[in-house]
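Thanks for coming. Please look at it first.

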Amino acid sequence: HNEELNCPPCLPKDTFEDCLEFYGLLPYYQGLKSVVNGGPNDLNPKNWKEKLSFTLQFPYYSTTAKVYAVFDIMVIVLSTITLVLESIPELTKLKNFNTVAQSVEACVNVYFTIQAITLLLVYSSWKEYFKTVLHWIDIVSILPFYLRLVAGSYFTQVGGFRVLRLIRLLRVMKLFRHSKGSQTMMTFLFASLPEIMLLLLMWSIGVLLFGPLIFFIEGGHGANSTSDFDSAFSGMWFCVVTIGTVGYGDLSPASNLGKFVSALYTILNLTIMTIPISIIITKFSRSMRLVKK
């Protein structure tokens, strides 16, 4: 009702949450409530600071917030395109290209710096500000620009410019702020951590068990061995590629026993992994229904 789960007036809140926990809905109620209702305080600002904070963070708060979100996305895309173009050798040889690219990057970083400082000043408390992952991404993504200004010669000597460029890619994650679907996905992932950990555990057991087994079956030991499986890690790599249905073809068993074990490994893994995957899909479908209501 009204796009949220409501506790009946006659039912205590603790009892209501116990019922939700019994039916497996408590993580979605706690996580999605902030998404469905639009954010903290149900987006009812008490002063101009909260109004400005909501405008910068929640596109669905107002028309101004939507316009700002579109502009913010355009700046992020522009920064990403500039980063990609800087990696093309033919373009870097063009006259004035580097100057234009550096100017664009400088303007983008100044914009994001003003944005980060503004959010920090209008937030209710600095403690709450630094609890949000996206705010850390805001800060980290602008660090390469200022590190290059302050210690550019040092990073040139140690070859650190590639690392600084890689950090700039974190800026793409700022797009999560402007998408309800992305926020729902993150909430769903955190709520499904037990199932995801179970999935990784089952996958790891299969790789650790069958990888060395295939290595020894294929005769990949001894100085005169001609097998492609030259170590247990090669067998584990083969298992990862096989269960991931990638099939690079760089490794494959030659013996009949090796082929049989590989087929057995594939069938067992697909069968066992179906259980946690089905649970994850069910939870995701349930969370999406709550958002669409």
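**Helix packing and cores**

Helix α3 passes α6 in a left-handed crossing. Left-handed here means that the near helix is turned anticlockwise from the far one by less than a right angle; clockwise would be right-handed. Helices are DSSP runs of H or I with at least four residues, strands are runs of E with at least two, and both are numbered from the N terminus.

Before I go on, this is a predicted model, in which local features need pLDDT of at least 70 and side-chain atom pairs count only at pLDDT 80 or more, while totals for chains, interfaces and linings use all residues. Residues are numbered from 1 along each chain as its sequence is written, and side-chain values use heavy atoms, with hydrogens and water left out.

Back to the pair. Helix α3 covers residues 48-57 and helix α6 covers residues 97-122; they pack at an angle of about 140°, with axes 9 Å apart. That makes α3 oblique to α6. The classes are roughly parallel under 35 degrees, roughly antiparallel over 145, roughly perpendicular from 65 to 115, and oblique for the rest. The axes are lines fitted to C-alpha atoms, for helices over the stretch in contact, and the angles run from 0 to 180 degrees between N-to-C directions.

Which residues of α3 and α6 make the contact? From α3 they are Trp48, Lys49, Leu52, Ser53, Leu56 and Gln57, and from α6 they are Thr118, Leu119, Leu121 and Val122. Contact means heavy atoms within 4.5 Å. By class, this contact of α3 with α6 has six nonpolar, three polar and one charged residue. Nonpolar covers Ala, Val, Leu, Ile, Met, Phe, Trp, Tyr, Cys and Pro; charged covers Asp, Glu, Lys and Arg; the others, Gly among them, are polar.

Helix α4, residues 63-85, also packs on α6: the axes come within 10 Å and cross at roughly 145°. This crossing is left-handed. Residues of α4 in the contact include Tyr68, Phe71 and Ser79, and those of α6 include Glu105, Val108 and Phe112. The contact of α4 with α6 divides into 12 nonpolar, three polar and two charged residues.

Now the whole chain. It has 13 helices and zero strands. Of its 293 residues, 34% count as buried, where buried is under 20% relative accessible area, exposed is over 50% and partly exposed is in between, with a 1.4 Å probe and protein chains only.

Next, the cores. A nonpolar core is a set of buried Ala, Val, Leu, Ile, Met, Phe, Trp, Tyr and Cys residues joined through side-chain atoms within 4.5 Å. The largest one has 15 residues, and those touching the most other members are Phe210, Ile214, Phe229, Phe238, Cys239 and Tyr265. Helices α11 (193-217), α12 (232-243) and α13 (256-292) each supply at least two residues of this core. The largest share, five residues, comes from α11. Beyond residues up to four places away in sequence, Phe210 touches Cys239, Val261, Tyr265 and Leu268. A second, separate core of 13 residues includes Phe112, Ala116, Leu120 and Ile142.

Last, two residues. Ser79 lies in α4 and is buried, with a relative accessible area of 4%. Leaving aside neighbours within four places in sequence, Ser79 contacts Glu105, Val108, Arg168 and Arg171.

Gly258 is in helix α13. Is Gly258 buried or exposed? Gly258 counts as buried, at 0% relative accessibility. With neighbours within four places in sequence left aside, Gly258 is in contact with Ile217, Glu218 and Pro253.
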